[in-house]
Amino acid sequence: MLRVANVTKRFGGLVAVNDASLTLEQGRIVALIGPNGAGKTTLFAMIGGFLTPDAGSITFEGQEIAGLPPHAICRLGLTRTFQIVQPFAGLTVLENIAVGAHLHHRSRADALERARLVAEQVGMGRMLDQSAQSLTVAGRKRLELARALATEAKLLLLDEVMAGLIPSEIVEIVATIRQIRDSGVTILLIEHVMQAVMSLSEEAYVLNQGKMIAHGTPKQLVADPTVIEAYLGHGAAERLKGGAHA
Ligand SMILES: Nc1ncnc2c1ncn2[C@@H]1O[C@H](COP(=O)(O)OP(=O)(O)OP(=O)(O)O)[C@@H](O)[C@H]1O
């Protein structure tokens, strides 16, 4: 469904993403993990059309999308969410979701109808008339998810939808994400909450200092010395092994 091949992005002298590749099959939930500053958000920005890669190719359902503007990519069925959620403060929950629905629905009535369906899907059915401004962090995260889904996305890129949530809210949003996948939407997610990565994703890619350093099941990756060292520093895998023997 999505193929990122040898993509590079430089900011001045800094290589934020360095020759990174990944492939995503339809119907999967795949995680993109890595320490702070690894280049995850930059990679998402390139896939979503918010940044143009300096090198490499990105194809979505066989079509080259690198360098296309976000609205064109969104129209093809690929939508991203943002780490920092900014709802339209003066609008209700329903109206906010309808903004996403307007991508494919010209009439307000159709957009609102689509928004209602999506709100139910993400568990916001009872908050439709509430002001978006009054939502809690968890509510805002759900709203962000709903707005993206309302665009009729086939592939959703979720950027840290669990950041700032308490454990019970994480359990709820994990269930919602699983339901979204079961409804036919493929998901690529950036996530620091490892418990969620472990329970949600069938495979994960690890980015470190711009380079894709590992790919496998989450279980394989947490035992991979290269991954452990990326998070905890050089020699950490060996030290942990020593600790385990002690
Ligand atoms: N617009 C920009 N201009 C200059 N440098 C940038 C820009 N955006 C990101 N960077 C730098 O690129 C590197 C990768 O940042 P990025 O935000 O992609 O990492 P990340 O893996 O998403 O990090 P986090 O987990 O902390 O969100 C960092 O060193 C960051 O400071």
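Which residues does UniProt list for "domain: ABC transporter"? The unreviewed entry lists residues 2-234; UniProt positions follow the numbering used here, feature names are shortened, and annotations may be inferred rather than shown by experiment. Residues are numbered from 1 along each chain as its sequence is written. The model is predicted: local features need pLDDT of at least 70, side-chain atom pairs count only at pLDDT 80 or more, and totals for chains, interfaces and linings use all residues.

Over residues 2-234, the chain is 38% helix and 25% strand, where helices (H or I, at least four residues) and strands (E, at least two) are DSSP runs numbered from the N terminus. The end C-alpha atoms of this stretch are 33 Å apart.

The ligand is surrounded by Phe11, Leu14, Ala16, Gly34, Asn36, Gly37, Ala38, Gly39, Lys40, Thr41 and Thr42; a residue is near a molecule if its C-beta atom, placed from the backbone, lies within 6 Å of it. This shell divides into 4 nonpolar, 6 polar and 1 charged residues. In that division Ala, Val, Leu, Ile, Met, Phe, Trp, Tyr, Cys and Pro count as nonpolar, Asp, Glu, Lys and Arg as charged, and the others, Gly among them, as polar. Both β2 (14-24) and α1 (40-48) supply at least two residues of the shell, and α1 gives the most, with 3 residues.

Helix α4 (residues 108-121) has 14 residues, which at 1.5 Å a residue should span 20 Å, in agreement with the 20 Å between its end C-alpha atoms; the expected span is 1.5 Å times one less than the number of residues. Its buried residues are Ala111, Arg114, Ala115, Val118 and Ala119. Seen down the axis of α4, these fall within an arc of 140°, so they line one face of the helix; the arc is that of the directions from the helix axis to the C-beta atoms. Their cover includes α3 (93-101) and α5 (137-149).

Within α4, Ala119 counts as buried because it has 24 C-beta neighbours inside 10 Å; the cut-off for buried is 20 or more other C-beta atoms within 10 Å, C-beta atoms being placed from the backbone. Not counting residues up to four places away in sequence, Ala119 touches Val93, Leu94, Ile97, Met124, Gly125, Leu128 and Ala146, contact requiring C-beta atoms within 7 Å.

Val227, in helix α9 (residues 225-232), is likewise buried, because 22 C-beta neighbours lie inside 10 Å. Val227 and Gly34 are 193 residues apart in sequence and 8.3 Å apart in space, C-alpha to C-alpha, and Gly34 belongs to the residues surrounding the ligand.

How values were computed
Buried ≥ 20, exposed ≤ 12 C-beta atoms within 10 Å, placed from the backbone. Contact = placed C-beta atoms within 7 Å.
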